[in-house]
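Q: I would like to learn how to read the packing in a model like this one. Could you take me through it step by step?

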Amino acid sequence: MNAIEVKHLTKTFGGLRAVDGLSVAIPVGVATGLIGPNGSGKTTLMNLFTGTLVPDCGEIIIGGEKFEQIEPTALRGLKIARTFQDGRLVNQMSVRDNLLLAIANTGIVSGLCEFMGARGTPLHRVEVILKKIHLSEHRDDLAESLSYGQRKLLELGRAMIQDADVYLLDEPFTGLFPAVIEQIVELLSELRGMGKTLVIIEHNIGLIRRLCDNIIVLDHGQLLAAGKPATVLKNKQVQEAYLGV
């Protein structure tokens, strides 16, 4: 069973085909690494999955339902959450409020004043996530005051609090110190252990090997290879195009 499948998906920018007639499937309940050279179409594909971009043609299939394009407002109903490479935090809001904002307009915030802090309510969920992302002591700090690593953790926390089935993660480890990398590895491993579907864009092959059960390799917007890491990373075309060997 596939969490997301695309058929003949194409997206062009001027004369550049960022995604070029791509057909590929992302298995449900496993971690898939989405890799390839810079400009290979990885982030473009993730943006097509989430409605940030509209495809020129092709189909996106989620949960058996076919879409010519995804509406960003439909993501919560589809149980999809994502993180962005450049982060999408509200700097002038507190850490706690950034987390609450991620679940606003879902119905879960109703009754917040009456049941503040009770188990299962939004504020309780926020406290659980704050502990997981090691930001409990910063709950009232503005997001802009956080270090780069803490901002990355908060970005992941905003996805985690949505309790999605599918998590799309665009370079969650970029520029981080080893200690923070290990914290994020632990969080993603926990999601993976819960049977969540993860799609991870990442250039560090060591991390891809640690976290991913499946790899998709793109090159010039086309599928170069897909399958188990041990097999895909030995593929001669993959080694030449991406690994430089």
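This is a predicted model: local features need pLDDT of at least 70, side-chain atom pairs count only at pLDDT 80 or more; totals for chains, interfaces and linings use all residues.

Q: How many bridges join strand 7 to strand 8?
A: There are 5 bridges between strand 7 (residues 166-170) and strand 8 (residues 197-201), and the two strands run parallel. As one example to look up, Y167 has L198 of strand 8 as its bridge partner.

Q: Now the helices. What describes a packed pair in general?
A: Two values do: the angle between the axes and the distance between them. Take helix 4 (residues 148-160) and helix 5 (residues 178-193), which pack at an angle of about 10 degrees with axes 10 Å apart. Angles under 35 degrees count as roughly parallel, and that is why helix 4 is called roughly parallel to helix 5.

Q: Which residues make that contact between helix 4 and helix 5?
A: From helix 4 come G149, K152, L153, L156 and M160. Helix 5 contributes V180, Q183, I184, L187, L188 and L191. By class, the contact has 8 nonpolar, 2 polar and 1 charged residues. The spacing in such lists follows a general idea: an α-helix has 3.6 residues a turn, so residues three or four places apart point the same way.

Q: At what angle do helix 2 and helix 4 cross?
A: Their axes cross at roughly 35 degrees and come within 8 Å. The crossing of helix 2 past helix 4 is right-handed. On the helix 2 side the contact uses V95, N98, L99, L101 and A102, and on the helix 4 side L154, G157 and R158. These residues divide into 5 nonpolar, 2 polar and 1 charged.

Q: Can we zoom in on L101: what does this residue touch?
A: L101 sits in helix 2 (residues 95-102). Leaving out residues up to four places away in sequence, L101 touches R76, V90, M93 and R158. L101 and R158 are 57 residues apart along the chain, and their C-alpha atoms are separated by 8.3 Å. With a relative accessible area of 36%, L101 is partly exposed, because that class lies between the 20% and 50% limits.

Q: Is L16 buried or exposed?
A: L16, in strand 2 (residues 16-27), counts as exposed at 55% relative accessibility. Its C-alpha atom is separated by 9.3 Å from that of H220, 204 residues apart along the chain.

Q: And how many residues of helix 1 are buried?
A: In helix 1 (residues 42-50), 8 of the 9 residues are buried, among them L45, L48 and F49. Helix 1 is followed by G51, which has a positive phi near 80 degrees.

Methods: Residues are numbered from 1 along each chain as its sequence is written. Side-chain values use heavy atoms; hydrogens and water are left out. Helices (H or I, at least four residues) and strands (E, at least two) are DSSP runs, numbered from the N terminus. Buried means under 20% relative accessible area, exposed over 50%, partly exposed in between (1.4 Å probe, protein chains only). Contact means heavy atoms within 4.5 Å. Axes are lines fitted to C-alpha atoms, for helices over the stretch in contact, and angles run from 0 to 180 degrees between N-to-C directions. Angles under 35 degrees count as roughly parallel, over 145 as roughly antiparallel, 65 to 115 as roughly perpendicular and the rest as oblique. Ala, Val, Leu, Ile, Met, Phe, Trp, Tyr, Cys and Pro count as nonpolar, Asp, Glu, Lys and Arg as charged, and the others, Gly among them, as polar. A crossing is left-handed if the near helix is turned anticlockwise from the far one by less than a right angle, and right-handed if clockwise. Two strands pair if DSSP finds at least two bridges between them.
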